[in-house]
Amino acid sequence: MAGATAAKYLRLWGGSGVQVTLVEKDPAYTSCILSNLVLTDSVAMSSLAFNWDRLRAGYGVGFVAGTATAIDAAGRKLEIATAGGSTTLAYDRLVLAPGIEFDYSGIEGLANADDATRANVPHAWKAGPQTLTLRQQLHGMRPGGTMVMTIPRAPYRCPPGPYERACLIADWLRERNPTARLIVLDANNGPIAEPESFRRAFAGLYGSLIDYRPNVTVVAVDPATRVVTPASVDGNGAVTSTLPTIATDVVNVIPPHRAPALLREAGLTAPVAAPLSTQPWALVEVLGYESTKAQGVHVIGDAASTTQPKAGHIANQEAKVCADAIVRMLAGRSPDPSPVTNSACYSPITRKEASWLTVVFSYDAATKRMVAVPGSGGEAPEWKTDHFEEMFAWFRNLMSDSYA
Ligand SMILES: Cc1cc2nc3c(=O)[nH]c(=O)nc-3n(C[C@H](O)[C@H](O)[C@H](O)COP(=O)(O)OP(=O)(O)OC[C@H]3O[C@@H](n4cnc5c(N)ncnc54)[C@H](O)[C@@H]3O)c2cc1C
């Protein structure tokens with residue numbers, strides 16, 4: 001989301017003076033946005049597929065199919081592993097937007113498991129094959145079965161996403177498997193986004209289906225038996241006591257996230273101050289998203305540490321601020337001193353109704369952070385079908401602004 005948008009706008013605003021090469025490891029992109037609706041058959045996986053063809057043909061973005069493997073910030077070079085071997089790109093400015101990596105280290109049973117074992121306890125938090133695995137496991141669950149899903153401590157990708165997923169699964173279960181139950185283990189002390197809507201949905205609409213447990217994390221999963229060991233956490237996220245195990249039929253573990261190894265190995269991250277000390281993200285200034293650890297390197301999207309949510313809409317906004325700053329810097333000018341971004345998100349509460357969340361951020365020169373503009377947002381007072389329909393228009397606009 002962030003990388004595609006940055007490539008497009010660098011070419012759009014930089015014109016012929018800026019050469020842009022997009023480096024991408026996958027043959028196509030599957031949108032995480034709306035992917036929870038694949039679990040309940042409300043959206044087809046194929047409708048979430050995007051590629052970079054239009055950026056290449058329409059904007060003259062160069063393309064290298066390969067995996068970025070190492071950054072030489074001092075020499076301004078990027079190492080890339082390709083199908084044919086490897087290649088190196090020299091740059092004036094490097095923009096990194098690799099998304100997230102999962103950190104399984106605190107989950108016994110998965111910490112040292114191979115990829116196939118982990119995939120059978122799907123996170124489905126990068127849309128793709130695991131989304132379909134989780135769908136299949138949900139649909140195949142025995143009548144009256146138990147499903148557990150876990151929510152990592154914030155910050156994580158898409159603050160309302162796990163609560164939205166819980167609602168959609170419960171909505172599906174009440175029609176297809178009404179005696180089943182969904183236990184939600186949340187390492188946070190309550191829904192961290194749209195708290196009014198989700199609390200109301202969990203306690204009211206889905207009161208008999210969802211068993212929501214705040215301040216509880218997962219410390220072990222047996223991939224063979226699907227027995228889950230939960231534990232209480234304190235306000236700093238530290239485990240205080242192990243709780244009785246839960247026998248389950250389906251387990252959806254969304255592990256804690258961190259910036260990918262590429263960034264950590266290049267020294268672009270550092271532990272964020274407590275209570276987030278275990279979640280290293282790339283440190284950036286937010287006028288141009290330049291790394292505070294390496295000159296000429298910018299980090300945007302979920303991998304960056306900012307006060308804004310890790311969301312596709314914000315990834316798109318950060319990309320534009322970054323592209324604008326780079327175009328100005330390449331021309332010997334300074335970045336815009338007062339950028340403004342906005343975030344909007346629709347959350348389906350049922351398979352026909354959605355709520356929403358929105359906020360505007362502006363740069364605060366005193367703290368050098370993006371701060372929420374007072375009165376600029378909030379959550380929808382109610383969920384309804386109108387919002388559900390608006391959600392698809394918002395999605396089309398956002399994806400077309402990023403990929404077309
Ligand atoms: C279930 C779910 C629902 C969501 N719903 C919403 C929503 O309603 N609204 C919203 O705003 N956000 C939503 N999000 C969040 C949104 O998807 C992410 O915030 C967004 O994708 C972040 O964009 P990004 O560019 O940082 O990373 P990504 O979109 O993950 O893109 C990273 C790209 O980098 C590539 N890449 C990674 N490493 C390398 C490498 N080493 N070399 C080459 N290429 C590499 C990847 O293949 C990928 O194409 C949702 C997320 C989930 C999981």
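Predicted model: local features only at pLDDT ≥ 70, side-chain atom pairs only at ≥ 80, totals over all residues.
| Protein residue | Protein atom | Ligand atom | Distance |
|---|---|---|---|
| Tyrosine 29 | polar side-chain atom | oxygen | 2.5 Å |
| Alanine 97 | backbone N or O atom | oxygen | 3.5 Å |

On its own the ligand has 1,000 Å² of accessible area (Shrake-Rupley, 1.4 Å probe), and the protein covers 92% of that.

Who lines the site? The shell around the ligand holds 30 residues (a heavy atom within 4 Å), and the closest are Glu24, Tyr29, Arg157, Asp302 and His313. By type, 16 are nonpolar, eight polar and six charged, with Tyr counted as nonpolar and Gly as polar. Helix α9 gives the largest share, three residues. At least two residues each come from β1 (21-24), β5 (67-72), α9 (312-330) and β23 (340-348); these are DSSP runs, at least four residues (H or I) for a helix and at least two (E) for a strand.

Now for valine 216, in strand β13 (residues 216-221). Beyond neighbours within four places in sequence, its contacts (heavy atoms within 4.5 Å) include Leu185, Pro230 and Leu243. Alanine 231, another contact, is 15 residues away in sequence but 5.5 Å away C-alpha to C-alpha.

Residues are numbered from 1 along each chain as its sequence is written. Local features need pLDDT of at least 70 and side-chain atom pairs 80 or more, while totals for chains, interfaces and linings use all residues, and side-chain values use heavy atoms, without hydrogens or water.

Key:
Polar contact = N/O pair within 3.5 Å; in protein donor to acceptor, adjacent residues only side chain to side chain.
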